[in-house]
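This report sets out the computed features of one protein chain.

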Amino acid sequence: MKHILITLLLAAVPAAHACAQGQAAKTKTELSMERQGMVDIHTRDKTIPVSLMYARADNFTGQVLYTDLTRAYLHPKAAAALAKAQRRLKQLRPDLSLKVYDAARPMSIQQRMWDKVKNTKKYLYVSNPARGGGLHNYGMAVDITLCDARGDTLDMGTKIDYMGPAAHIDREDALVKSGRISRRALENRRLLREVMRYAGFKPLRTEWWHFNLISRATAKKYYKVIK
């Protein structure tokens, strides 16, 4: 019996170690997010994949902006709404999932983005920190797409972060007619908007992937910017 117990204990050690490795320690930025009232979206719904685009260099800046941020944080109200949208999507399409590419964003990162575009034609796509930034800076906005069970993203007509008319949602019929985006991409965009609106989010005209939970005026009046 003693030999069996020792064997079981030794077998449990690697499993415990692997579990501990899977729960990586929170970084300085992540702890700062939590102190400012943000929550990891996986505390509300663990089924939503996260792939933060600014933690990689393949974004419009060409730089890694989130050097110590891999978790997606949101204001608790936005995180709850996002979980509601995921539940609605699963009701309509159990084979699909939401996938988060950006969520709460410190104002310091917003400044770096603005500096990249302020003297270019792309300045319209980035909120100016001098004017209070955007809803990402309050944890009330999310950049999101749809993916399949393997985590592969669906065709949405353009990649996330594309700065141009093909990403606009107010001219999609014309984009399909001209062949710029496919009919399937339009259907996927509409499904994404349906579930996000169901949860209370509002789409952004110029970016099919961007959704705000509240208005900028409301954010400035009642909520604090993330530092």
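## Model and confidence

The confidence of the predictor in each residue is expressed as pLDDT, on a scale from 0 to 100. For this protein the average pLDDT is 90, and 90% of the residues score at least 70. Over residues 2-22, however, pLDDT stays under 50, and the model has zero contacts there beyond four places in sequence, a contact being a pair of heavy atoms within 4.5 Å.

The model is predicted, and local features are reported at pLDDT of at least 70 and side-chain atom pairs at pLDDT 80 or more, while totals for chains, interfaces and linings use all residues. Residues are numbered from 1 along each chain as its sequence is written, and side-chain values use heavy atoms, with hydrogens and water left out.

## Overall fold

The protein has seven helices and six strands, where helices (H or I, at least four residues) and strands (E, at least two) are DSSP runs numbered from the N terminus. Along the sequence these elements follow the pattern α-α-β-β-α-β-α-β-α-α-β-β-α. Among the contacts with a separation of 6 or more, 71% come from residues 24 or more positions apart.

Of the 227 residues in the protein, 48% are buried; buried means under 20% relative accessible area, exposed means over 50%, and partly exposed lies in between, with a 1.4 Å probe and protein chains only. The accessible surface comes to about 12300 Å², and 55% of that surface belongs to carbon and sulfur atoms; these areas come from the Shrake-Rupley method with a 1.4 Å probe, and for residues only the protein chains shown count as cover.

## The four-stranded sheet

Four strands form an open sheet with antiparallel pairing, in the order β3-β4-β6-β5, two strands being paired if DSSP finds at least two bridges between them. The edge strands, each pairing on one side only, are β3 (97-102) and β5 (202-204). On average, neighbouring strands of this sheet are turned by 45 degrees against each other, direction ignored; axes here are lines fitted to C-alpha atoms, for helices over the stretch in contact, and angles between N-to-C directions run from 0 to 180 degrees.

Going across the sheet, β3 and β4 pair over five bridges in the antiparallel sense; D102 has D143 of β4 as its bridge partner, and L98 stands opposite L146 in β4. Three bridges join β4 to β6, again antiparallel, and here D143 stands opposite H210 in β6. Strand β6 (residues 207-212) in turn pairs with β5 over three antiparallel bridges, with E207 of β6 as the bridge partner of L204.

## Burial in the sheet

How many residues of β3 are buried? Six of its six residues are, and the strand is mostly covered. In β4, seven of the seven residues are buried, so this strand is largely enclosed by the rest of the structure. In a regular strand the side chains alternate between the two faces of the sheet. In β4, A141, D143, T145 and C147 point one way, while V142, I144 and L146 point the other way, and all are buried.

## Helix α6 and its surroundings

Helix α6 (residues 183-198) packs on the sheet, touching β3, β4, β5 and β6, and its direction makes about 130 degrees with that of β4. Its 16 residues should span 22 Å at 1.5 Å a residue, and its end C-alpha atoms are 23 Å apart, which agrees; the expected span is 1.5 Å times one less than the number of residues. The buried residues of α6 are A185, L186, N188, R189, L191, L192, R193, V195 and M196, and what covers them includes α3, β3, β4, α5 (172-177), β5 and β6. Just after the helix, G200 takes a positive phi of about 105 degrees.

R189, in helix α6, counts as buried because its relative accessibility is 1%, and its contacts beyond four places in sequence include M156, H168, E172 and W208. E187, also found in helix α6, counts as partly exposed because its relative accessibility is 43%.
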